[in-house]
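Here are some notes on the model for your reading. Please keep the structure open beside them.

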Amino acid sequence: MKTAIYPGSFDPTTFGHIDIIERASKIFDRLIVGILNNRSKKPLFTVEERVDMLQIVIKDLPNVEIASFSGLLVDFAKACDSHVIVRGLRAITDFEYELQMSQTNHILDAELDTVFLTTDLKYSYLSSTTVREVASFHGDISAFVPEFVEREMRKKFL
Ligand code: PNS
C-alpha cells in the first residue's frame, strides 16, 4: 500500500488545497493530510479548528485521513509509515522554497521523497495568507474557500 502525506499549515484550507487533496487521493492508496501545529507561530485557527475544517473537506474521500503534527516533518512521515511527501507548486516563486525543503527532508531521511503536483491554473494565485488578509478587511472570500470556511473566517473577524 502506497501512503503519502500532504503537510501544510492550512490556515485556512483553500480551494487550492482541496484540489491537491482530491488529485493526490487518486494517485496514492492512502493520503494523510498533516496539519502543522507550530507553537512559535500564532495561527488564525487553532489546530483543532483546522482539523475539523479538513474533516469536512475529506468526508467523501475514504482513503484520506487528517492528522496534526509538531516538530520535524521527517518524523511525522516516519510515524505515518510514509516515504512520500506531496506538495503543490503554484508558480516559479514557490520553487526555491519547495526545492530547499524537499532537499533538506531528503538529507534528513534518504528514503523520503517529495512529489510535486502543479496547482490547477485557476488556483495558481491563491494562498492562505491573502485569504486571511482579504477576510481581515471583510472582503469577499467566496472565490477562495468553501462556504463553511468562509463562515468560520467571518466569526474570527467580527
Ligand atoms: O502550508 P505551509 O506553511 O507552506 O507548510 C509548510 C510545512 C508545514 C510543510 C513546513 O513548514 C514543515 O514541514 N514544517 C515542519 C518543520 C520541519 O520539518 N522543517 C524542516 C524542513 S525544511
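1. Which polar side-chain atom lies 2.6 Å from an oxygen atom of the ligand? That atom belongs to serine 9. It is a polar contact, meaning a pair of N or O atoms within 3.5 Å; within protein, one must be able to donate a hydrogen and the other to accept it, and residues adjacent in sequence count only if both atoms are side-chain atoms.

2. This is a predicted model, in which local features need pLDDT of at least 70 and side-chain atom pairs count only at pLDDT 80 or more, while totals for chains, interfaces and linings use all residues. Residues are numbered from 1 along each chain as its sequence is written, and side-chain values use heavy atoms, with hydrogens and water left out.

3. Leucine 73 places a backbone N or O atom 2.8 Å from an oxygen atom of the ligand, and arginine 87 has a polar side-chain atom 2.9 Å from one. The ligand taken alone exposes 550 Å², of which the protein buries 73% (areas by the Shrake-Rupley method with a 1.4 Å probe).

4. The shell around the ligand includes Gly8, Ser9, Phe69, Arg87 and Tyr97 (a residue is near a molecule if one of its heavy atoms lies within 4 Å of it). By class, the shell has six nonpolar, four polar and one charged residue; here Ala, Val, Leu, Ile, Met, Phe, Trp, Tyr, Cys and Pro count as nonpolar, Asp, Glu, Lys and Arg as charged, and the others, Gly among them, as polar. Helix H4 (residues 92-108) gives the most to this shell, three residues (helices are DSSP runs of H or I, at least four residues, and strands of E, at least two, numbered from the N terminus).

5. The ligand takes up the space of the largest pocket. A pocket is an open set of points on a 1 Å grid over the protein atoms alone, where a 1.4 Å probe fits, with protein on both sides within 12 Å along at least five of seven lines; lining residues have an atom within 4 Å of a point. A molecule sits in a pocket if more than half of its atoms lie within 2 Å of its grid points. H4 supplies the largest share of the lining, eight residues.

6. Check the loop between E1 and H1, where phenylalanine 10 is placed. Phenylalanine 10 has a positive phi of about 50° although it is not a glycine.
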